[in-house]
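Dear colleague,

I am handing over a structure for your attention. Please find it below, followed by a short account of what was found in it.

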Amino acid sequence: MPRNRTTRAQVSGGSATAKRPKAKLPKGLEAADLVDYYTRLIQVRSLDERIWALNRQGKVPIAASSQGHEAAQLGSLLAAEKDGDCFLFPYYRDLALKVAAGLTPVQVMMSFMGKAGDPYSSGRQFPLQGADLPHKIIQISNVVAAGLTQSVGYALGSRMSGGQTVVFVYFGDGATSQGETHEAMNFASIHKLPVIFICENNRYAISTPQTSQMGVEEVASRAASYGMPGFTVDGMDLVSCYESTREAITHARAQGPVLLEMMVERFMSHTTDDDDRRYRPEGEVERARERDPVITMARTLIDEKILTQKQVDEIASEALRATDEASDIAESSSPPDESGLYESVYAP
Amino acid sequence: MAVKSVIEAIREAIREEMDRDSKVFVMGEDVGIRGGVFLATQGLAEEFGDQRIIDAPLAEASIMGIALGAAFQGMRPIPEVQFSDFVWPSINQLIGEAARTCYGTNGAVQVPMVIRMPYGGGIRGGLFHSQNVETHFFHTPGLKVVAPCTPYDAKGLLKSAIRDNNPVVFLEHKKTYRLVRGEVPDEEYTLPIGKADVKRGGSNITLVSYGLTLHYCLEAAEELAGGGVDVEVIDLRTLTPLDTETILESVKKTGKLAIVHEDNITGGVGAEIAALAAGQAFEYLDGPVTRICGPDVPTMPFAQTLEDAYMPTADKIADELRKLAAY
């Protein structure tokens with residue numbers, strides 16, 4: 001039986017073995033985009049690491065890190081930005097996506113510390129959960145796969161309103177076990193809705209490995225049962241993720257839903273409350289970190305002479321400065337006033 | 001004014017609102033060419049097309065989740081749950097997500113959605129076609145819950161629910177669909193959500209109910225009137241927000257309170273109204289607060305004898321009212 005494993009090149013029916021020449025960027029992408037997104041990546045990573053440290057200091061109650069998932073999140077975001085008419089339904093591990101979509105470091109820290117300036121829910125929800133409508137993002141809950149049917153409904157509403165919006169919905173490999181994942185894909189397929197299902201597969205649902213989660217090797221292979229294209233992409237390579245998503249957008253708008261499985265690594269424990277040493281084999285994370293996009297992207301940018309080592313260092317120190325500043329501002333900011341407890345239970 | 005059935009009034013309300021606002025659409029099982037199993041949407045697919053009267057796959061979680069997502073986008077979906085008994089697969093999207101959306105986004109995202117569901121028993125529906133589900137929604141902040149019992153109220157309240165910017169659970173007692181008929185104005189009207197209606201004035205006992213049993217309450221009140229007991233019958237019409245003002249005003253006048261509902265007695269709407277009276281009209285009460293409600297069994301059984309044993313009837317209500325009047 002032929003394996004369903006595919007590469008980004010196959011999204012539009014190209015050769016599975018086509019390899020992007022190092023120096024040549026995919027269509028629509030310029031060196032400036034890479035610098036821009038590398039800068040966002042470094043800022044996100046800096047915030048992510050600080051948030052974890054602040055949790056250990058008792059200043060951030062809970063956090064889910066996106067370290068190791070950033071290339072998938074930022075690559076797809078870059079495609080969304082280039083397109084200009086996409087709406088995003090992320091899940092709880094999409095810190096990088098939510099930050100890079102346009103939040104300031106101060107807003108991020110406000111959210112993680114539960115301060116009044118939290119842009120997603122004003123301190124009602126877990127950090128960066130709720131909605132960031134200026135950046136076209138909704139994530140209501142932590143119930144895995146609940147966002148999938150909602151995203152399909154958003155796409156349906158958009159079509160009924162005469163729009164052309166392509167909706168991205170993100171989820172982990174664990175969420176693919178939920179019945180609503182099937183229901184969402186089924187409905188999107190029936191109505192040929194422009195939805196891109198993006199599975200960030202890190203092969204762990206908290207502690208449960210993929211082998212205990214599904215009987216197939218690749219989530220993407222399930223696309224066939226919905227009559228939609230499905231592709232497995234190297235989620236550690238931002239450019240690959242960008243390119244696949246770009247092609248998926250074109251397909252989605254013209255023909256209907258697409259399933260993209262982005263193979264990523266989870267560098268940290270499930271959340272700050274978890275200790276992955278209890279269930280991950282020794283050395284696994286260390287090996288995964290060799291493909292850290294923070295390292296590989298810097299290497300590429302320097303090798304391609306897009307940035308110098310000095311510029312790379314400057315980006316890192318500027319990110320650190322912004323993180324320091326944001327932490328200080330958020331720490332000294334006010335929490336939401338108690339009087340707000342009863343606000344917005346109902347809409348006017 | 002024409003005399004119409006509850007189901008006709010509901011169909012009219014949907015048609016008028018779909019005609020008025022292109023954002024309104026219906027999605028549910030068999031709502032299209034079949035017109036719904038109770039024919040609530042009969043003829044609407046022909047009039048508005050299959051893009052606005054959408055036959056959904058048999059998967060309630062996706063019906064609710066997709067309707068919710070469409071509401072995020074600015075549409076005004078009316079998902080139909082074919083029988084309230086089938087709402088459970090979708091309960092996360094309704095109670096877990098829709099009810100919490102406005103609060104959880106600090107008011108940024110609204111959910112203008114009406115979840116219609118035929119509920120209740122007395123129709124030999126057994127355990128999975130008779131369920132009273134209202135208490136679960138009544139307990140959930142963020143939802144509005146409407147349960148009318150006449151064609152006039154059903155139409156006016158459904159139109160208001162469709163125009164509301166919150167998730168409204170719209171409960172239609174299936175036994176009233178064709179059994180209850182009444183006058184419905186030809187001209188446009190709406191009724192406010194959150195206002196009870198005094199269906200019969202009285203001075204001796206306050207009798208509170210909603211849905212099918214409201215009609216049984218009116219029969220019981222008529223029976224007691226023959227014995228000189230003057231019963232005031234309040235139709236809640238809306239469970240959330242609860243019209244506490246109308247209830248308290250009546251209790252303060254009569255000094256005696258009885259509540260009737262088909263749903264299980266424990267932790268039900270009646271318990272909340274009893275607590276309301278105990279807390280805010282304590283010194284006016286002149287008798288034990290009485291509840292005539294469904295027993296604590298998992299819904300009405302199928303056999304006629306068992307269904308009858310479950311159901312609050314006019315006779316059962318009248319018996320309890322006589323005891324309360326004599327207290």
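Which domains does the domain assignment give for chain B? Chain B has domain 1 (2-184) and domain 2 (197-326), with bounds that come from an automatic or database domain assignment. This is a predicted model, in which local features need pLDDT of at least 70 and side-chain atom pairs count only at pLDDT 80 or more, while totals for chains, interfaces and linings use all residues. Residues are numbered from 1 along each chain as its sequence is written, and chains are lettered from A and ligands numbered from 1 in the order in which they are written.

The centres of domain 1 and domain 2 of chain B, taken over C-alpha atoms, are 26 Å apart. To their contact (C-beta atoms, placed from the backbone, within 7 Å), domain 1 of chain B gives 27 residues and domain 2 of chain B gives 25 residues.

Chain B also holds an open sheet of five strands, ordered S9-S11-S10-S13-S14, with mixed pairing. Strands here are DSSP runs of E of at least two residues, and helices are runs of H or I of at least four, numbered from the N terminus; two strands pair if DSSP finds at least two bridges between them. Strand S9 (197-200) and strand S14 (290-294) of chain B are at the edges with a single partner strand each, so one side of each has no neighbour in the sheet.

Strand S10 (residues 205-209) and strand S11 (residues 231-235) of chain B run parallel and are joined by five bridges. B:Val208 has B:Ile234 as its bridge partner in S11(B).

Yours sincerely

How values were computed: Two residues are in contact if their C-beta atoms, placed from the backbone, lie within 7 Å.
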